[in-house]
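Biologist: Could you walk me through this one? I'd like to know what lies behind each label you use.

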Amino acid sequence: MSERVSSEAIYDSAASGAEDAVVADVVSAGAGCHAGAAELQKAAASAGKSEVLERYAQDYPKGPHDQPQSMCPAFGSLRVGLRMRRTATILSGSACCVYGLTFTSHFYGARRTVGYVPFNSETLVTGKLFEDIREAVFKLADPEHYDTIIITNLCVPTASGVPLQLLPKEINGVRIIGIDVPGFGIPTHAEAKDVLAGAMLKYARNEAEQGPVAAPRERSALPTITLLGEMFPADPVGIGMMLEPMGLAAGPVVPTREWRELYSALDCAAVAAVHPFYTASVREFEAAGRKVVGSAPVGRDGTAAWLDAIGAACGIAQDKINASKNKWLPAIAGALAGSPIKGRVTVSGYEGSELLVARLLIESGADVPYVGTACPRTQWSDPDRAWLESKGVRIQYRASLEQDIAAIEEFGPDLAIGTTPVVQHAKERSIPALYFTNLISARPLMGPAGAGSLATVINSALANKERFGRMTEFFEGVGSGHTAGVWEETPQDRPEFKARYAAKMKAASAAEEAVGT
Ligand code: SF4
């Protein structure tokens, strides 16, 4: 087997004594989601990762929600890689993190092997872990099976400076992409999708700049609009129908499902940033000279504004834009009027489409006082922010769980849309609730199809209010907190035990700090 290795560099395992000490500290601190992010960031910076961390800080600005409050962020990039054809995925991280990530990916039907290069304190401290990763990548790089290998540093290897950037860029024609996805640098799993999508677009852009690349399986005769952000499979079809009168077609959805789609995604007339958090990906599209348009064709107002913005970005004549609007806006208005939503709804989630969902709810007639999103504010959701604020909606970017729950308390909605703990809180209060990820993201949102489909699920949930009331009445008095459940004798709370342990914990941590100074 001929081995073609380009841009290869060999890791200098003779790290300085200071770096060794930092790495050893990371290991002995039992670094993880709940270890101090500041400490891990300090360790990563002294281990040579300051450049990547500075870029993440700019791309994914933090707010109150600067620590993972839901799943491990690396799940986002892992899922993107696992969905791509002829792509192998390797994780480098603590066994417990890798266990959780593989469990979750298989729970969501990955049906792919997740590779793992294990480590211990010795291999981490001496640099042997990088050599083990390198060996694993060489063994796996079989062009018969793979186009690409993605290798991801989780928290501990990132904090320890494992230099994935020194891996060969290509082995036997198989592309090698190394990314750092630490929980202390990437606030949400949504943004981790952008880390990998951006890295792949960058690689594909460099390839396209150097010479001819693989043609797409299907090529549209019309100029295309690349759709940035995962969406329900019917949405790109609906968007394509709305673009057609303008002489445009829907292009690939990024993150893509195979490598060659990345070239077609870059080879577009303009990019629609349907999800607003793909900062690194937008950087690549802009480097390729593409215009990027925010928001999405949701509801009547949203679709009208989006078609205008896409038409302007692509230099389409106003009469063609009007032809699309004249054809589709009455259909959307009809679908909205045919499926009205009556009630007060709070919206929170971490998918990035929360503002779009709120727009559609309001155009359907709902009262939406609050939208919380775990994603940051970017210019790509600004049209939605301005529209929602003009309707009196309070928008909380980088919303924490506490803020989402406080909104339910403040507004007393008829329905709460949110993440698992938000839904749980609402149901405890007898408020019907819907999971954003499973029930809202899993249906069309765009064009006429979106208007009718969202109303169906919302209205059937709103109709549950009375049932929730009956359930609360039925279970009334069974207890909550320490008295929850069925008991022969009601358990007694013992706050004095908790107080005693809290005092002991405080004293122990004060003693530890004193030893460390
Ligand atoms: S890799 Fe994920 S699960 Fe592991 S410590 Fe970091 S954030 Fe937590």
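Predicted model: local features only at pLDDT ≥ 70, side-chain atom pairs only at ≥ 80, totals over all residues.

Biologist: What makes the phi of Asn172 worth a remark?

Modeller: Phi of Asn172 is near 55°, and that is a positive value in a residue other than glycine.

Biologist: Which label does Ser430 get, and why?

Modeller: Ser430 has 14 C-beta neighbours inside 10 Å, so Ser430 counts as partly exposed. Ser430 is in the loop between helix H17 (420-428) and strand S15 (433-435). Its phi is positive too, about 65°, although Ser430 is not a glycine.

Biologist: What makes S11 and strand S14 (residues 415-418) a pair?

Modeller: A pair needs at least two bridges. Three bridges join S11 to S14, so the two count as paired, and they run parallel. Within that pair, Val345 stands opposite Leu415 in S14. S11 also pairs with strand S12 (residues 370-373), in the parallel sense and over three bridges. There, Ser348 stands opposite Gly372 in S12.

Biologist: Now the sheet with S7 and S8. What order do its strands take?

Modeller: The order is S8-S7-S9-S10, four strands in an open sheet with parallel pairing.

Biologist: Why are S8 and strand S10 (291-293) called edges?

Modeller: Each has a single partner strand, so one side of S8 and one side of S10 are left without a neighbour in the sheet. On average, neighbouring strands of this sheet are turned by 30° against each other, direction ignored.

Biologist: How do you know that S7 and S8 pair?

Modeller: S7 and S8 have four bridges in the parallel sense, and two would do. Ile225 stands opposite Ala250 in S8. Helix H11 lies across S7, S8, strand S9 (270-272) and S10, running at about 140° to S10.

Biologist: Where does Ile225 show up again?

Modeller: In the largest nonpolar core, which has 140 residues. Ile225, Ala272 and Ala358 are the ones with the most contacts inside that core, and helix H8 gives the most to it, with eight residues. Ala272 touches several residues beyond four places away in sequence, among them Ile225, Val293 and Ile310.

Biologist: What makes helix H10 (residues 259-266) mostly covered?

Modeller: Seven of its eight residues are buried. Including Trp259, Glu261 and Tyr263, those buried residues are covered by elements such as strand S4 (148-153), helix H8 (189-210) and helix H11 (279-287).

Biologist: What sort of peptide bond joins Val254 and Pro255?

Modeller: A cis one, with omega about 5°. Pro255 is in the loop between S8 and H10.

Biologist: Last one: how many residues link domain 2 and domain 3 by contact?

Modeller: 29 residues of domain 2 are in contact with 30 residues of domain 3. On the domain 2 side, the elements that give two or more residues are helix H9 (234-243), helix H12 (299-314) and helix H13 (318-338). That side has 16 nonpolar, 10 polar and three charged residues.

How values were computed
Residues numbered from 1 in each chain as written. Buried ≥ 20, exposed ≤ 12 C-beta atoms within 10 Å, placed from the backbone. Contact = placed C-beta atoms within 7 Å. Nonpolar A, V, L, I, M, F, W, Y, C, P; charged D, E, K, R; others polar. Axes fitted to C-alpha atoms, helices over the stretch in contact; angles between N-to-C directions. Core = buried A, V, L, I, M, F, W, Y, C linked by C-beta atoms within 7 Å.
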